[in-house]
Amino acid sequence: MNDTRLWRVDGYQAQLHSSNLACAIDVQQLQHGLQQLRLHGQMLSHFCLLKLSLPDLVDPIPDQAIDEVYVRGNDLIASYLPVSPSQYAPQVYWRAQTSGSCHGVEIMISMQTDTLESRPLIQSSSVVAGNQVWCLEQSTKSLVEMQVSDQTTVLSPTKSAPLLLLRAEGESFSYLEMAYPTDPFEFWVKQGNQNELELGFCLLQEHLEKGVIRRFRVAAWFVPRENDLEIATKLYRRLLLADPPLTT
C-alpha cells in the first residue's frame, strides 16, 4: 500500500480507503479511535481501535490546539500545539500497513516538551470482538493462551512481551495488537460486554527530557486465522527492527 490516496482528509475527518482495510478517524476526537472498520468489505461493528489519551488534550480538542493535518505517503499525520504550562507538543501518525495477507494500522506518537522533569502519560486502548487471548511469554518466547475475565488482567513487559493476539469464534481472521518493547510500562486485557475484549497499553513512565523527541508505537493487525500464532511472532520481530524510539 503505497498510495497517497489511501487517506482522504476533510477538515479534521479522515478516512482510510483500501480494498483490504477501511476505517475513519477524527483527529479532534482521539479518544474515539479508529471507527467504521471494514476488513475485505466486511463491517467490523464491534471493533474500535487505538483510542488515544494524550496529556493535556481532552476531546473534543479545540481548533487552536491543532496545528495541521495532512497525508504523506501511507501516513495520516496530525500535529498538536501546547495547551498547558507543561508545553507538550504531540504529533500522531496513523500508518496504513500490509504484509502479505495481513493488514493493519500502526500508530506513532511523538512527544516533546521544553519544560524540565515532565512525565506525560500516554494510553492507547481498543475494543474488539473476541473470547480468546494469547500473550507472548518472555521466558519461553512462545505464545500461550490466557484466561481472562471481567476483571482487568495487568501484564508487565518484564514477563510478557507487549503483544496480545485475540480470536473470535467463527471468524477467518485474528486480531493482533503490540507495542514497541521499550515503550509500555504495563498493558492489560479484560472481557467486556457481548463477547467483546478490551485491551490497552500505558506508555512512558520515565521522565521526558527537555528538547528530546520521544516516539512511541502501537500496531494493530488483522491476520489470517490459519497460522496466526506464527504470523504474530513474525510481525513482532518486524516491529523490533523499527528505528530506535528516541531522537533529538
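This is a predicted model: local features need pLDDT of at least 70, side-chain atom pairs count only at pLDDT 80 or more; totals for chains, interfaces and linings use all residues.

**A buried glutamate and its sheet**

Mentor: Let's start with Glu196, which is found in strand β18 (residues 196–203); strands here are DSSP E runs of at least two residues, numbered from the N terminus.
Trainee: Where is confidence lowest?
Mentor: In strand β20 (residues 246–247), with a mean of 44, while strand β3 (residues 21–26) is highest at 98. The protein averages 89.
Trainee: Back to Glu196, is it buried or exposed?
Mentor: Buried (under 20% relative accessible area, 1.4 Å probe, protein chains only), yet Glu196 has no salt bridge, meaning a Lys or Arg side-chain nitrogen within 4 Å of an Asp or Glu carboxyl oxygen.
Trainee: Which side chain of opposite charge is nearest?
Mentor: Lys51, 8.6 Å away.
Trainee: What does the Glu196 side chain make a polar contact with?
Mentor: The side chain of His46, at 2.9 Å; the cut-off is an N or O pair within 3.5 Å, one able to donate a hydrogen and the other to accept it.
Trainee: What's the strand order in the open sheet?
Mentor: β6-β11-β18-β17-β14, 5 strands with antiparallel pairing, where pairing takes at least two DSSP bridges. β6 (48–53) and β14 (153–155) each have a single partner strand, so one side of each lacks a neighbour in the sheet.
Trainee: How many bridges join β14 and β17?
Mentor: 3, and the pair is antiparallel. Leu155 stands opposite Phe187 in β17.

Conventions:
Residues are numbered from 1 along each chain as its sequence is written. Side-chain values use heavy atoms; hydrogens and water are left out. pLDDT is the predictor's confidence in each residue, from 0 to 100. Helices (H or I, at least four residues) and strands (E, at least two) are DSSP runs, numbered from the N terminus. Buried means under 20% relative accessible area, exposed over 50%, partly exposed in between (1.4 Å probe, protein chains only). Lys and Arg count as positive and Asp and Glu as negative; His and the chain ends are not counted.
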